[in-house]
Amino acid sequence: MGGSVSFRPASFVRLGVPAALIAATLVAVTGSAGQAAAPKPKPKQLPFSTGQTTAYDPHSVLVKFRPNASASARKQALSKTAAKARTSVGADVVAVTATVPASELLKKLKADPSVELASLNYIRKATATPNDEAYAAGFQGYLPTVRMPQAWDLSKSAGAQTVAVLDTGIDAGHPDLAGRTVAGYNAVNPATPPVDDNFHGTFVSGIIAANTNNTEGIAGVAWSAKIMPVKVLDEFGGGTDEDIIEGLNWAVSHGARVVNMSFGGTMESLVLRDAVANAVAKGVVVVAAAGNTGDDAPQYPAAYPDVLSVGATNDNAVVTGFSSRGDWLDLAAPGYDIASTVPSDFDPEFPYGIASGTSFSAPIVAGVAALVRNRYPAFTPDQVVARLKATARDAGPRGADPYYGAGIVDAYAALGGKWAADFTPATPDGNDFPARAQALGSSASATIGAEGDTDWFKISSAAARNVTIKVTGPVFDSAEFAQNFGPVVFVYDQDFRLLGHAQTPRPDEDEDGFEIPAALTAGTNASLSAGVTYIQVRNSNGSRDSRPYTVTVTDSDTGGPGPTDPSFIVQDASVPDFTAHVPVSVQPTVTLSRDAAPASINTNTVRLLNGKTGAQVSIAPGYDAAARKIVITPSSSLLDNTPYRIVIGAVQDTGPASLGGYTSTFQTADLAPQAVTSFDASGAYLAANLSWKIPATTDLDYVVVRRNAGSTAPTFTTGALVHAGTASAVKATGLAQGTTYTFAAWVVDRGGKVSPVAVTRLLGMKSGISTTATLINYGGSITIKGSTLRIDNVAYAGLPVNVYVRSKNVSTFTLLAALKTSSTGTVSIAHKPAVSSVYMLTFPGNADLMGTRTADITVQVAPTISSVLSPTAIRLGGITKLSGYVAPAHYGKPVYLQLYANKTWTSIASVKLSASGAYAFGIKPATRGSFAYRVLFTADADHAQAVSPYRIVTVS
């Protein structure tokens with residue numbers, strides 16, 4: 001594609017296919033702009049780091065001094081906070097560091113009058129925003145729905161993860177797919193390469209891995225993923241299980257790590273199922289489109305248990321009217337008005353198009369799965385699927401549901417990013433049960449406000465009459481609207497016997513098989529008795545539609561068939577479908593339409609399920625026969641902010657008939673979380689080890705731990721931050737000695753609610769050390785005395801105190817003694833150092849007390865020097881000998897002979913010590929008189945300076 005491409009709506013190839021073909025395959029429907037939905041909620045912003053990433057340098061602060069601040073004032077500001085200038089950023093701006101946390105240093109510096117501005121040294125990250133023209137022009141507005149831009153900040157690469165696209169082949173020469181493919185296979189015709197003779201495979205491949213950030217075309221989900229094209233569908237988009245299985249086996253054996261299958265059908269094949277299971281067993285994640293039938297008929301391979309099945313939404317996170325549904329659905333992703341690559345022979349100048357269908361939701365999830373596999377290479381396929389489902393954002397009915405599965409895939413959260421708020425749920429519209437039916441005259445209007453919603457109306461007749469009841473929807477146009485209304489109407493008498501039923505046919509098609517937009521109508525004749533008649537209206541495809549429909553009742557000459565046996569089960573419920581903020585102590589009740597056999601009300605026919613996990617909640621179902629009311633009593637309070645599903649199965653009436661089934665969902669109130677338990681601190685030197693237990697919290701966001709110096713507990717917004725994350729233990733460092741610290745912890749849920757506070761405290765301690773002497777002779781001993789007291793001088797008996805020693809010339813302390821304090825908080829120990837030594841004393845801290853360490857104290861050890869002068873009297877010209885030993889021996893070290901004269905000792909000679917430490921000097925005085933001599937040992941690394949006793953010789 002040469003030159004610059006302008007992305008205008010008219011520039012895209014419109015990919016339309018006949019409606020009949022859509023019903024049979026997963027080839028996409030055509031579409032343009034979908035109707036607007038409620039704005040998506042913005043994720044809550046935290047005021048500090050959550051512990052997942054470092055938001056600022058924890059060791060430095062940026063300071064801008066006032067221009068008129070003197071050098072001495074600046075120096076004093078830093079010295080008061082024990083900070084040091086690290087680098088100069090500008091004339092008045094410096095980066096400074098200190099031993100205290102940056103947040104504490106910031107507070108101190110801001111308070112100094114010489115400081116104009118001070119800020120944490122924040123860490124910024126590059127944001128990955130691709131420059132592809134379609135993305136920049138807004139044609140890929142569905143990618144933010146799954147938070148792809150944020151996910152790209154964490155990981156753009158799929159690394160060695162190859163995605164096999166089992167489809168119609170690929171245009172490998174497409175400018176936005178060049179270099180993105182590995183060798184493929186054509187199962188339809190093995191003699192030829194997997195060239196795309198449709199458009200579908202090229203379109204799917206571009207969604208996954210189009211060249212991204214290349215200024216052209218579109219942005220792919222996984223920037224560097226490799227596509228393995230495997231052609232299993234022919235030019236019409238159809239393929240046999242034989243070719244599909246052959247293609248799948250080939251992809252698995254040739255290194256595919258993710259497989260995308262955007263096709264399906266209603267017939268289940270055990271052989272195809274086995275091939276899929278084999279692929280998963282060999283480590284492959286298999287993703288499939290849910291189907292475009294707009295009903296609940298299972299589609300295969302999507303409905304196989306080993307497959308990650310994907311439904312379609314628009315970019316406002318609302319499920320489309322064509323998306324197939326069922327409890328087998330796993331996830332949803334945008335699949336309406338998706339922009340991607342098409343074979344170049346469609347338009348050599350602009351080979352791009354827009355199409356809709358679950359075919360194009362699946363590759364979004366497949367691309368995200370490849371990113372997840374690359375980021376977490378040890379994950380099994382089951383773990384990848386579990387990760388994608390656990391991090392999905394809930395949409396539609398709360399919890400797992402047949403329209404969205406676990407929710408809409410969230411690429412950012414799946415790659416380890418911060419969660420985002422769930423999409424806005426539907427709410428009850430007040431007419432969901434016969435007991436709450438809207439009174440109807442000749443006509444009324446209403447909307448289907450939620451997926452699976454049913455509306456009830458009632459009409460009163462003074463006498464029997466024949467009527468025609470019609471439900472007319474808004475224009476059904478899949479090209480214009482992602483959600484459409486296909487009317488379905490049921491008419492019941494006051495005893496809930498069916499009087500009539502109608503469902504609109506599929507939209508009419510033109511001669512080419514394309515859907516003709518029209519307002520669809522479902523109508524039925526009915527013979528009404530005097531009294532109340534009920535009308536139920538729902539959408540055939542289950543989707544919501546904000547456009548109103550109309551119900552009309554007109555008298556008719558023609559009646560309907562006679563009433564059939566009662567068939568509707570529920571007349572009312574205390575907790576209507578889609579209800580939010582339900583108390584956790586709720587006991588839901590369901591009022592039946594007629595009498596039930598009490599024995600059929602049990603835990604097999606009445607169940608309460610966790611809407612997220614599907615786990616069955618322990619309940620005691622009861623039945624009030626007089627009121628026809630089932631009472632569901634949970635064995636314990638429900639979890640807060642959790643979706644639940646009421647499921648009533650084959651309850652029997654008082655005769656042999658079954659009352660049918662009923663399902664509804666509700667969400668419990670979002671309560672403040674409970675406080676952490678077992679919150680405890682253990683003191684250490686300049687640190688504290690904290691631990692706690694996080695209570696069961698369904699929507700846990702993070703735990704906050706803060707500290708204050710002193711006995712006053714911090715508040716949620718005051719004190720120094722110690723921890724903000726999901727860990728259950730942390731080490732608080734940078735604490736001061738001789739200080740009491742009070743720690744407080746809170747649990748915060750995703751709604752921003754904060755638990756009661758949990759508090760623990762460590763008392764400050766102080767220690768001292770002294771010795772009976774700081775200079776001793778070799779062979780002598782000292783007594784080391786120490787004390788460990790609370791900072792208010794309270795003593796504790798039995799505290800463990802360690803006395804450490806090191807030679808003066810080494811840096812490592814060794815344990816000298818492990819002692820226990822007396823009732824006065826003191827300890828003592830005698831020691832006989834062989835060399836000059838350094839001592840210190842520590843208290844390691846305990847569950848109540850901070851640790852301490854004394855300053856170092858040095859004891860010098862001087863050698864002993866013996867001296868013998870013989871003879872002590874000589875005649876002038878004679879010689880005497882001064883000799884002795886130095887202990888300990890210092891072989892080869894010089895000692896000096898000193899003479900006392902003029903009140904000063906002066907060195908006059910030297911010798912080196914022998915191996916035994918011996919020395920000897922010959923002395924021959926030059927004049928008559930009395931002379932004093934001694935021997936000097938100069939200090940070295942091990943010992944202090946020493947002198948021998950002086951000796952006097954008399955010369956006559």
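A: Helix α9 and helix α10 (residues 381-390) pack at an angle of about 115°, with their axes 10 Å apart. Helices here are DSSP runs of H or I with at least four residues, strands are DSSP runs of E with at least two, and both are numbered from the N terminus. The axes are lines fitted to C-alpha atoms, for helices over the stretch in contact, and angles run from 0 to 180 degrees between N-to-C directions. All of this is read from a predicted model, in which local features need pLDDT of at least 70 and side-chain atom pairs count only at pLDDT 80 or more, while totals for chains, interfaces and linings use all residues. Residues are numbered from 1 along each chain as its sequence is written, and side-chain values use heavy atoms, with hydrogens and water left out.

The crossing of α9 with α10 is right-handed, a term that applies if the near helix is turned clockwise from the far one by less than a right angle, anticlockwise being left-handed. From α9, Val365, Val368, Ala369, Val372 and Arg373 make the contact, and from α10 the residues are Pro381, Val384, Arg387 and Leu388; contact means heavy atoms within 4.5 Å. Sorted by class, this contact has 7 nonpolar residues, no polar ones and 2 charged ones, where Ala, Val, Leu, Ile, Met, Phe, Trp, Tyr, Cys and Pro count as nonpolar, Asp, Glu, Lys and Arg as charged, and the others, Gly among them, as polar.

Helix α9 (residues 362-375) also packs against helix α6 (residues 200-209), here at about 40° with the axes 8 Å apart. The two helices are therefore oblique to each other, since angles under 35 degrees count as roughly parallel, over 145 as roughly antiparallel, 65 to 115 as roughly perpendicular and the rest as oblique. This crossing, too, has a right-handed sense. On the α6 side, Val204, Ile207 and Ile208 meet Pro363, Ile364, Ala366 and Gly367 of α9, which gives 6 nonpolar residues, 1 polar residue and no charged residues.

A further pair is formed by helix α7 (residues 241-253) and helix α8 (residues 270-281), whose axes come within 10 Å and cross at roughly 10°. That angle makes α7 roughly parallel to α8. Asp241, Ile244, Ile245, Leu248, Asn249 and Val252 of α7 touch Val271, Leu272, Ala275, Val276, Asn278 and Ala279 of α8, so that by class the contact holds 9 nonpolar, 2 polar and 1 charged residues.

Elsewhere, β18 (residues 465-476) pairs with β21 (residues 518-528) in the antiparallel sense over 10 bridges, Phe476 standing opposite Ala518. Strand β18 is also antiparallel to β23 (residues 545-555), through 6 bridges, and there Thr468 faces Thr554.

An open sheet of 3 strands has the order β32-β33-β36 and antiparallel pairing. Because β32 (677-684) and β36 (729-732) stand at the edges with a single partner strand each, one side of each is left without a neighbour in the sheet. The twist averages 15° from one strand to the next. Between β32 and β33 (residues 687-693) there are 6 bridges, and Ala681 has Leu690 as its bridge partner.

The peptide bond from Tyr300 to Pro301 is cis, with omega near 20°, and Pro301 lies in the loop between β10 (285-289) and β11 (308-313). Another cis bond joins Ser870 and Pro871, with omega about -5°. Phe496, although not a glycine, has a positive phi of about 60°; its place is in the loop between β19 (487-493) and β20 (498-503).

As to confidence, the mean pLDDT of the chain is 89, and 92% of its residues reach 70 or more; pLDDT is the predictor's confidence in each residue, from 0 to 100. Over residues 1-10 the pLDDT is below 50, and this stretch has 22 contacts in the model beyond near neighbours in sequence. Residues 17-54 likewise have pLDDT below 50, with 116 such contacts. Where pLDDT is low, the predicted coordinates should not be read in detail.

How values were computed. Pairing = 2+ DSSP bridges.
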